[in-house]
Amino acid sequence: MRSLRKEAASRGTAAAGCVKRRRGEAPVVFSSLTFLFLYLPLTLLVYFLSPLRWRNFVLLVVSLLFYGWGEPVYIVIMFLSIIIDYTHGLLVEKFRSDDKKARWFVAQSVIFNLALLGFFKYWDFIAANLSLIPGIDLPQLGIPLPIGISFYTFQTMSYTIDVYRKDAPVQRNMVDFGAFVTMFPQLIAGPIVQYKTVAADLRHRLHTSENFALGARRFCVGLAKKVLLANSIGALWEDCLAAQGAGTLTVLGGWLGLAAYGFQIYFDFSGYSDMAIGLGRIFGFRFNENFDHPYCADSVGTFWRRWHMSLTSWFRDYLYIPLGGNRGGTARTIRNLLIVWFCTGFWHGASWNFILWGLYFAAWLILERYVLRGVLEKTPAILKHLYTLIVVFVGWGLFAMVDLGVCGDYLAACFGGAPLWSGADLFRLRSYAVTLAVLVLASTALGQRLWAKLPRQAEQLATPVLMGLSLVVCTAYLVDGSYNPFLYFRF
């Protein structure tokens, strides 16, 4: 059974398909003992002992050490990205009176960033597909994917655009700009931080005990979501995927697997975002929120206004609106939605399943806008919520399974192409019933509402106790277990 699980996971999951195996050590992730008890304490010590005027430099150095832990060779690429976008921001500002030249320097920055991302992330995919055409034989290079390249190229690219639009001031200090690009809390998995949202904090930010406490609390919440919730449900998804590989998947098992993966990726990524936002707060930065209880949405459109908000806002600001947005009539709006969601899917990985995943959601958003709007307005809230969850979880099936054959068979089983249930499914359901109930409750705002009702004194007493308890329990889980993936940092 274990071998079947490994085989199915290697063929089907996003983690196996969207990124090549890298040389060297694995990167330090926030939910690792090395990060929690070595890197982070030393970083905080050095940072807060340094004079204020040196803290951006310290942040740059420790962030490069964080990134270089697993793949130091790719620090060169990051330096190149910093230099190109820093200098192009200056050139845009210098030639602002000559709009043609300024636009050309913006274009150069965009072309460089897209070329960098395209070469490392998409070359093998493009080469493999073009080589299917008779007479074309492009080599696949097998170059390991630099961690976080999808995130930091988008961040640096938006900088020159914002300088051109006068949405952000030009940065004349390369150390400060380098600290923005390499800032370790959001370096390898976001949230995507636009320069204009932290420009003021780079120049001057407050380091207060209140910010430190709020940041530490947010970090602990994220760590618990990742270690105690996301990791705990990941095994159920792998079991269901293994059942598909063994030909024993049922309707119930298929939906259990999709629900498990949906909860795993949500608590994995939102947990990481919470940790990143918390760490940013500790260092004096205010990062924008990245999730807003997306599984409480009552439409696909609402879901995407609540899920990975930093990415959806990036594509809105830098692609959808420049294309014309919803101006210019129905046909142009549909075209723009298809382009944006094609790019959104392809951004996640160099594989056809990601492209189909993006177009799948584009189709649903178009349907909601032009066909289902009146129907949804008259539909009871519980049915709208159920419809949204079904659409989203089916989408996660497309997202998770790189092998389209495996994906097709799996989804076919979910919709009646298999027995309804088996004894193994009932066993899994009993085994994970409490975990699933906790995940459902944790994905709502119920906990926040109950916490907000606590008296101030009770909140002050409970906060350090719960933080300490979560650290102890998470540490115990990390010491005892070996299953600790970060799904989204691979993109």
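## Burial and surface

In this predicted model, 54% of the 491 residues of the protein chain count as buried. The accessible surface of the protein chain is about 22,000 Å², and carbon and sulfur atoms account for 66% of that area.

## Overall form

The protein chain contains 21 helices and zero strands. Its C-alpha trace extends about 65 × 65 × 50 Å along the principal axes.

## Contacts and charges

Contacts in the protein chain can be sorted by how far apart the two residues lie in sequence. Among those between residues at least 6 apart, 79% join residues at least 24 apart.

The protein chain carries 44 positive and 29 negative charges. The mean position of the positive charges and that of the negative charges are 4 Å apart.

## Helix H7

Helix H7 covers residues 149–165, which is 17 residues. At 1.5 Å a residue, H7 should span 24 Å, and because its end C-alpha atoms are 24 Å apart, the span agrees.

Of the 17 residues of H7, 15 are buried, a residue being counted as buried when its relative accessible area is under 20%. H7 is therefore largely enclosed by the rest of the structure. After H7 comes Lys 166, which has a positive phi, near 65°.

Terms used: Residues numbered from 1 in each chain as written. Predicted model: local features only at pLDDT ≥ 70, side-chain atom pairs only at ≥ 80, totals over all residues. Heavy atoms only, no water. Helix = DSSP H or I, 4+ residues; strand = E, 2+ residues; numbered from the N terminus. Buried < 20%, exposed > 50% of the residue type's maximum accessible area, 1.4 Å probe, protein only. Contact = heavy atoms within 4.5 Å. Areas by Shrake-Rupley, 256 points an atom, 1.4 Å probe, with all protein chains shown as cover. Lys, Arg positive; Asp, Glu negative; His and termini not counted. Charge placed at Lys NZ, Arg CZ, Asp CG, Glu CD. Expected span 1.5 Å × (residues − 1).
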